[in-house]
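This dialogue takes a reader through a few features of a protein model.

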Amino acid sequence: MPKITRLDYDSTSHVTYEVAPEKMLAGSPKQILSNHFSNASGKFHTGFWEAEVGHWLVNYTEFEYCEILEGRIRMVDADGQVQIVGKGDRFVIEAGYQGSWEVLEYAKKVYVIFEP
(Lines give C-alpha, C1' and ligand atoms only; values in the text may rest on other atoms or scores of the structure.)
Protein backbone atom coordinates (compact mmCIF):
# COMPACT_ATOMS: atom_id res chain seq x y z
CA MET A 1 0.00 0.00 0.00
CA PRO A 2 1.43 3.44 -0.94
CA LYS A 3 2.19 5.68 1.99
CA ILE A 4 3.33 9.18 2.84
CA THR A 5 6.98 9.59 3.83
CA ARG A 6 7.71 12.69 5.86
CA LEU A 7 10.97 14.57 5.36
CA ASP A 8 12.16 15.23 8.88
CA TYR A 9 15.75 16.44 8.83
CA ASP A 10 16.63 14.98 12.23
CA SER A 11 15.24 11.50 11.58
CA THR A 12 17.70 10.17 9.02
CA SER A 13 21.37 9.24 9.09
CA HIS A 14 23.72 11.56 7.25
CA VAL A 15 26.44 10.57 4.79
CA THR A 16 29.45 12.89 4.64
CA TYR A 17 31.60 12.99 1.50
CA GLU A 18 33.88 15.19 -0.58
CA VAL A 19 33.81 16.06 -4.27
CA ALA A 20 36.00 13.82 -6.46
CA PRO A 21 39.42 15.47 -6.96
CA GLU A 22 39.06 15.53 -10.76
CA LYS A 23 35.91 17.69 -10.42
CA MET A 24 37.28 20.12 -7.82
CA LEU A 25 38.02 23.69 -8.95
CA ALA A 26 38.59 25.35 -5.54
CA GLY A 27 38.52 24.33 -1.90
CA SER A 28 37.68 20.87 -0.61
CA PRO A 29 34.17 21.26 0.75
CA LYS A 30 32.66 18.67 3.00
CA GLN A 31 29.18 17.74 1.82
CA ILE A 32 26.41 16.02 3.76
CA LEU A 33 23.67 13.99 2.09
CA SER A 34 20.54 12.95 3.98
CA ASN A 35 18.47 10.87 1.57
CA HIS A 36 14.98 10.41 2.97
CA PHE A 37 13.26 8.48 0.22
CA SER A 38 14.13 6.44 -2.87
CA ASN A 39 11.47 4.57 -4.80
CA ALA A 40 11.69 0.88 -5.69
CA SER A 41 13.06 1.61 -9.18
CA GLY A 42 15.91 3.69 -7.71
CA LYS A 43 15.10 6.54 -10.12
CA PHE A 44 13.35 8.94 -7.72
CA HIS A 45 15.01 10.36 -4.60
CA THR A 46 14.43 13.17 -2.13
CA GLY A 47 16.16 14.53 0.94
CA PHE A 48 18.53 17.21 2.17
CA TRP A 49 22.00 18.24 0.95
CA GLU A 50 24.51 20.55 2.62
CA ALA A 51 27.89 21.85 1.53
CA GLU A 52 30.73 24.01 2.75
CA VAL A 53 32.30 26.72 0.60
CA GLY A 54 33.95 25.36 -2.56
CA HIS A 55 33.72 25.17 -6.35
CA TRP A 56 33.40 22.05 -8.55
CA LEU A 57 32.32 20.80 -11.96
CA VAL A 58 28.89 19.22 -12.45
CA ASN A 59 27.36 17.09 -15.21
CA TYR A 60 23.69 16.26 -14.61
CA THR A 61 22.24 13.00 -15.94
CA GLU A 62 19.17 13.50 -13.73
CA PHE A 63 16.45 16.13 -13.34
CA GLU A 64 16.62 17.91 -9.99
CA TYR A 65 14.25 20.24 -8.16
CA CYS A 66 16.03 22.31 -5.50
CA GLU A 67 14.82 24.58 -2.72
CA ILE A 68 17.58 26.52 -1.00
CA LEU A 69 17.10 26.61 2.78
CA GLU A 70 20.36 28.37 3.69
CA GLY A 71 23.35 29.98 1.99
CA ARG A 72 24.19 31.14 -1.51
CA ILE A 73 25.32 29.21 -4.58
CA ARG A 74 26.64 30.44 -7.90
CA MET A 75 26.06 28.16 -10.88
CA VAL A 76 27.78 28.72 -14.22
CA ASP A 77 26.66 26.66 -17.21
CA ALA A 78 28.91 25.46 -20.05
CA ASP A 79 28.00 28.60 -22.07
CA GLY A 80 29.09 30.88 -19.23
CA GLN A 81 25.61 31.93 -18.09
CA VAL A 82 25.55 32.65 -14.34
CA GLN A 83 22.74 32.00 -11.85
CA ILE A 84 23.10 32.95 -8.19
CA VAL A 85 20.57 31.39 -5.84
CA GLY A 86 19.97 31.76 -2.13
CA LYS A 87 17.59 31.11 0.73
CA GLY A 88 14.01 30.76 -0.52
CA ASP A 89 14.91 30.19 -4.18
CA ARG A 90 13.37 27.19 -5.94
CA PHE A 91 14.49 25.90 -9.34
CA VAL A 92 14.84 22.88 -11.60
CA ILE A 93 18.06 21.68 -13.21
CA GLU A 94 17.45 19.64 -16.35
CA ALA A 95 19.27 16.46 -17.27
CA GLY A 96 22.18 17.36 -19.55
CA TYR A 97 23.16 20.51 -17.62
CA GLN A 98 26.93 20.94 -17.48
CA GLY A 99 28.94 23.59 -15.72
CA SER A 100 29.99 24.34 -12.17
CA TRP A 101 28.57 24.86 -8.69
CA GLU A 102 30.26 27.32 -6.38
CA VAL A 103 29.02 27.42 -2.80
CA LEU A 104 29.64 31.03 -1.75
CA GLU A 105 28.49 30.50 1.85
CA TYR A 106 27.50 27.33 3.66
CA ALA A 107 24.43 26.01 1.86
CA LYS A 108 21.59 23.61 2.57
CA LYS A 109 18.84 22.53 0.18
CA VAL A 110 15.94 20.16 -0.23
CA TYR A 111 16.35 18.08 -3.37
CA VAL A 112 14.01 15.96 -5.45
CA ILE A 113 15.78 13.94 -8.15
CA PHE A 114 14.39 11.94 -11.05
CA GLU A 115 16.83 9.82 -13.05
CA PRO A 116 15.28 8.93 -16.44
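Predicted model: local features only at pLDDT ≥ 70, side-chain atom pairs only at ≥ 80, totals over all residues.

Q: How is a pair of aromatic rings described?
A: The description uses the distance of the centres and the angle of the planes. In this structure there are four aromatic pairs. For Trp49 and Trp101, the ring centres are 5.7 Å apart and the planes stand at 80°, so this pair is edge-to-face.

Q: Where in the chain do Trp49 and Trp101 lie?
A: Trp49 belongs to strand S4 (residues 44-51) and Trp101 to strand S9 (residues 98-114). The two are 52 residues apart, and their pair links distant parts of the chain.

Q: Is Trp49 buried or exposed?
A: Buried means under 20% relative accessible area. Trp49 has a relative accessible area of 6%, so Trp49 is buried. Trp101 is also counted as buried, because its relative accessibility is 2%.

Q: What can be said of Tyr60 and Tyr97?
A: Tyr60 and Tyr97 make an edge-to-face aromatic pair, with 6.0 Å from centre to centre and 80° between the planes. Tyr60 is in the loop between strand S5 (54-59) and strand S6 (63-77), while Tyr97 is in the loop between strand S8 (90-93) and S9, so the pair ties together parts 37 residues apart in sequence. Tyr60 counts as buried, at 8% relative accessibility.

Q: Which residues form an aromatic cluster?
A: One aromatic cluster is made of Trp49, Trp56 and Trp101.

Q: Which residue lies over the face of Trp49?
A: Lys109 lies over that face, at 4.7 Å from the ring centre. Lys108 lies over the face of Phe48, where the distance from the ring centre is 5.7 Å.

Q: How are nonpolar side chains arranged in general?
A: In soluble globular proteins, nonpolar side chains tend to be buried together. Here the largest nonpolar core has 18 residues, and those with the most contacts inside it are Trp49, Trp56, Ile73, Phe91 and Trp101. S4, S5, S6, S8 and S9 are the elements that give two or more residues to this core. The most comes from S9, which gives five residues.

Q: Which residues does Phe91 touch, not counting residues up to four places away in sequence?
A: Phe91 touches Glu64, Tyr65, Cys66, Ile68, Met75, Val85 and Trp101.

Q: How many bridges join S5 to S9?
A: Six bridges join S5 to S9, and the two run antiparallel. Within this pairing, Val58 has Gly99 in S9 as its bridge partner. S5 also pairs with strand S2 (residues 24-26), in the antiparallel sense over two bridges. There, Met24 has Trp56 in S5 as its bridge partner.

Q: What surrounds Gly99, leaving aside its neighbours within four places in sequence?
A: Gly99 is in contact with Trp56, Leu57, Val58, Val76, Asp77 and Ala78. Gly99 and Asp77 are 22 residues apart in sequence, yet 4.1 Å apart in space, C-alpha to C-alpha. With a relative accessible area of 15%, Gly99 is buried.

Q: Which side chain does a polar contact join to that of His55?
A: The side chain of Ser100 is joined to that of His55 by a polar contact of 3.0 Å. His55 has its place in strand S5 and counts as buried, at 16% relative accessibility. Leaving aside neighbours within four places in sequence, the contacts of His55 include Met24, Leu25 and Trp101.

Note on methods:
Residues numbered from 1 in each chain as written. Heavy atoms only, no water. Phe/Tyr/Trp six-rings, centres within 6.5 Å; stacked < 30°, edge-to-face > 60°. Helix = DSSP H or I, 4+ residues; strand = E, 2+ residues; numbered from the N terminus. Buried < 20%, exposed > 50% of the residue type's maximum accessible area, 1.4 Å probe, protein only. Lys NZ or Arg CZ within 6 Å of the ring centre and 35° of its normal. Polar contact = N/O pair within 3.5 Å; in protein donor to acceptor, adjacent residues only side chain to side chain. Contact = heavy atoms within 4.5 Å. Core = buried A, V, L, I, M, F, W, Y, C linked by side-chain atoms within 4.5 Å. Pairing = 2+ DSSP bridges.
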